[in-house]
Amino acid sequence: MKKKLISMLLAGAMVLSLAACGGGGGNANGGSGDSGDGGNTQTEGTDESAGGSSEGGNTLTVAAWDPAFNISALKAAEADYKENVNKDFVLEIKEQAGSQDIETLVTTAASSGNYETLPDMVLFQDHWIQQYVRDYPDAWKDVDDIDINWDDFYAEKLDYSTIEGKHYGVPLDGGTVIMAYRVDLLKEAGYSIDDMKGITWEKFIEVGKAVKEKTGKALLCMNSDGNDLVYMMLQAEGVSQFKDGKPNITGNDTLKQVVQLVVDMTKEGILLLPNSWSDYTDSAIQGDQVAGVMNGNWIIPTIQKVEANSGKWEITTMPTIKGGEGYASNGGSSLYITANCQNVELAKDFLAYTFGKSTVTYDNALKDGGVVSTYIPAGKSEVYNEGVEFFNNTPIYAQISEMGSHVKTIEQSSYHYTCREKLGAAIINIVNGGDIDEELKNAEDQLNFEMGN
């Protein structure tokens, strides 16, 4: 049963790696940035080169993906630690093609019972880690005694990496959801960014119709089947797709309302559902087909690629069903120490100093890679409070930092992506004429089967 479960997890991870946590290369001023060589950082390839600890000393190894995003943040942390704590420190980064490669590393090591192939640390996606720690408890070192004030981080973020009362991970980035609007197109329809703050979804649809009539553009888009929208919209209501470890679909009135809203917006042409992730990013967002984008803040570099739209975008919070500002998170990752680490104290000290408390690390991670922290004090720095030209000179990163602190903690599941797939298929069927109750029942039945219930 465990082998079957892990196979499904890995399949889901491959899908995710194309989307939520990919990040991008934008910097705090709206451009792309190169983080430099990070001192003595060594970036290596995948497969066999990804494993192996540092054998102590002043060197640590870490497996991560995306050189323009996550790896850029790691280089910023290495430079900070090297300059201010340990001049002999070296961080060897084992670059992976995607997050699924790290999941494969852990699965392969655990299956063989030999953790010597693992690096000292790994970057791991939030939605997967609890299952991997529970299935392979011997693969990890907890960081419960690390010198970090956990109250300085978003409670929702820590909920992923706190397992059976122990802290296992140190947050690197977050996926606080932004609702971004083309303010020039809103103005054509008679609205401003202030009109979009704290509104109901009913009001959003009203504005969407006006924008569509005046500009011909949709006010929202999501790839393929709208599946991520359901999760984000539900979290803003404080509701989960799971309850007590089981699917929470039928009988979940809030979920039904959210699905109906997604279907209605699609039928009205207010919501675009492109056929693929590339169509979503390249055609819908960068192809100037939409006046609004709602997703994790890692979508910002995608929006910024259309330089002609600089100064035309601003962000605010999500709509909610009854009105009031909505907050959610979609994506994010944390750093974990593996059982193969030969210098656990060095790893803990490095993580505690950099991602645990250093605004220098977080400022440079933002400037060089567009990585937005879940460390609350980071949002008070000068870098976070700089106006971003692309977003009409508003301090969007300070806004995002504040928004993230309000995200509600809801029940999570390692079947998050399986649920997303089933609900996405249900949405498409409903748009095409299917009965909403029947389709949601089918989705829940299929999810229960996958979960072995």
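Student: Why is H2 described as largely enclosed by the rest of the structure?

Tutor: In this predicted model, eleven of the 15 residues of H2 are buried, so the helix is largely enclosed by the rest of the structure. Buried means under 20% relative accessible area.

Student: How do you know what span to expect for H2, residues 70-84?

Tutor: The expected span is 1.5 Å times one less than the number of residues. For the 15 residues of H2 that gives 21 Å, and the helix reaches 21 Å from its first C-alpha to its last, close to expectation.

Student: How many cavities of 30 Å³ or more are there?

Tutor: The count is three.

Student: Which elements give two or more residues to the lining of the second largest cavity?

Tutor: Helix H5 (155-161) and strand S8 (169-182) do. S8 gives the most, with three residues. Among the lining residues are Tyr154, Glu156, Lys157, Gly174, Gly175 and Thr176.

Student: What makes up that lining by class?

Tutor: Two residues are nonpolar, six polar and two charged. Glycine counts as polar here, and Gly174, Gly175 and Gly404 are all in the lining.

Student: Where does pLDDT stay under 50?

Tutor: Over residues 1-48, for which the model has 125 contacts beyond four places in sequence. Where pLDDT is low, the predicted coordinates should not be read in detail. The chain averages a pLDDT of 89, and 88% of the residues score at least 70.

Notes:
Residues are numbered from 1 along each chain as its sequence is written. This is a predicted model: local features need pLDDT of at least 70, side-chain atom pairs count only at pLDDT 80 or more; totals for chains, interfaces and linings use all residues. Side-chain values use heavy atoms; hydrogens and water are left out. On a 1 Å grid over the protein atoms alone, a cavity is a set of points where a 1.4 Å probe fits but cannot get out, and a pocket is an open set with protein on both sides within 12 Å along at least five of seven lines; lining residues have an atom within 4 Å of a point. Grid points are joined across faces, edges and corners, and a volume is the space filled by probe spheres set on the points. Helices (H or I, at least four residues) and strands (E, at least two) are DSSP runs, numbered from the N terminus. Buried means under 20% relative accessible area, exposed over 50%, partly exposed in between (1.4 Å probe, protein chains only). pLDDT is the predictor's confidence in each residue, from 0 to 100. Contact means heavy atoms within 4.5 Å.
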